[in-house]
Amino acid sequence: MQAPRCILKELESLGKALYGAKLIAQRFQVRSCSHHKDPVGGSECLLSMIADGNPHHFFIATQDQELSHKVKKKAGVPLLFIIQNTMVLDKPSPKSLVFVQKLQTNQLVPDHQKQSIVQLKEKEGLAKQEGEKRRKRKRAGGPNPLSCLKKKKKTTQEGQEPSAAKKKRRKRKRNRVKAEDMQLVQKNEGE
Ligand SMILES: [Zn+2]
């Protein structure tokens with residue numbers, strides 16, 4: 001937490017009414033701003049610190065609706081405020097969301113790089129690996145084990161990867177109770 005010098009000056013000038021707020025602000029690290037000789041209003045000072053794309057990545061904590069409104073108009077400035085003794089981090093402003101989307105589509109990966117990524121993936125056979133991963137996932141998920149206990153035994157006899165066998169060993173303990181339950185249900189159904 002930091003408080004710019006101008007904020008401290010403003011709180012000082014407001015006297016007794018904001019003495020408590022001043023004491024709290026004094027506990028924060030003092031941030032030197034560009035208004036060292038001529039202090040400006042607190043809001044103006046904070047806005048100057050987040051100008052030019054908020055280069056120091058400040059969050060602004062304020063209960064001032066007017067200041068909040070101005071902060072939301074700038075992209076990339078997280079806003080903190082208090083509701084009933086709870087500090088709340090506001091959700092990113094529409095302005096910030098638009099900014100991030102533009103950054104993702106335009107700046108982070110230019111079109112020619114996107115194309116070369118696709119080409120490189122094909123070259124290295126990574127596109128195939130992705131397909132294999134999908135198949136593996138399906139096997140891992142499999143059908144509901146409780147719905148086909150007998151079938152499952154058959155598949156283990158056919159022989160599978162050792163890792164799959166280990167997994168099953170672990171699961172067996174957990175499933176034992178359930179399996180007994182299932183047998184009971186099946187018996188009941190048979191009777
Ligand atoms: Zn200042």
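This is a predicted model: local features need pLDDT of at least 70, side-chain atom pairs count only at pLDDT 80 or more; totals for chains, interfaces and linings use all residues.
Residues are numbered from 1 along each chain as its sequence is written, and side-chain values use heavy atoms, with hydrogens and water left out.

**Stop 1: the sheet**

Select residues 60-61 (strand β3) and residues 79-83 (strand β4). Helices (H or I, at least four residues) and strands (E, at least two) are DSSP runs, numbered from the N terminus. These two strands run parallel and are joined by two bridges; two strands pair if DSSP finds at least two bridges between them. Which residue of β4 is the bridge partner of Ile60? Leu79 is, while Ala61 has Leu80 as its partner.

Look for Ile82, which stands opposite Met87 in β5. Two residues lie between the strands of this hairpin, and Gln84 there takes a positive phi near 45°.

Show all of these strands together and you have an open sheet of three strands, in the order β3-β4-β5, with mixed pairing. β3 and β5 are the edge strands, each pairing on one side only.

**Stop 2: over the helix**

**Stop 3: α3 against α4**

Keep α4 and select helix α3, residues 42-49. Their axes come within 11 Å and cross at roughly 15° (axes are lines fitted to C-alpha atoms, for helices over the stretch in contact, and angles run from 0 to 180 degrees between N-to-C directions). α3 and α4 are therefore roughly parallel, since angles under 35 degrees count that way, while over 145 is roughly antiparallel, 65 to 115 roughly perpendicular and the rest oblique. Show the side chains of Ser43, Leu46 and Leu47 in α3 and Leu67, Lys70 and Val71 in α4: they make the contact (heavy atoms within 4.5 Å).

**Stop 4: α1 against α2**

Finally, select helix α1 (residues 5-13) and helix α2 (residues 19-27). How do they pack? Their angle is about 160°, with the axes 9 Å apart, so α1 and α2 are roughly antiparallel. Leu8, Leu11 and Glu12 of α1 meet Ala21, Lys22, Ala25 and Gln26 of α2.
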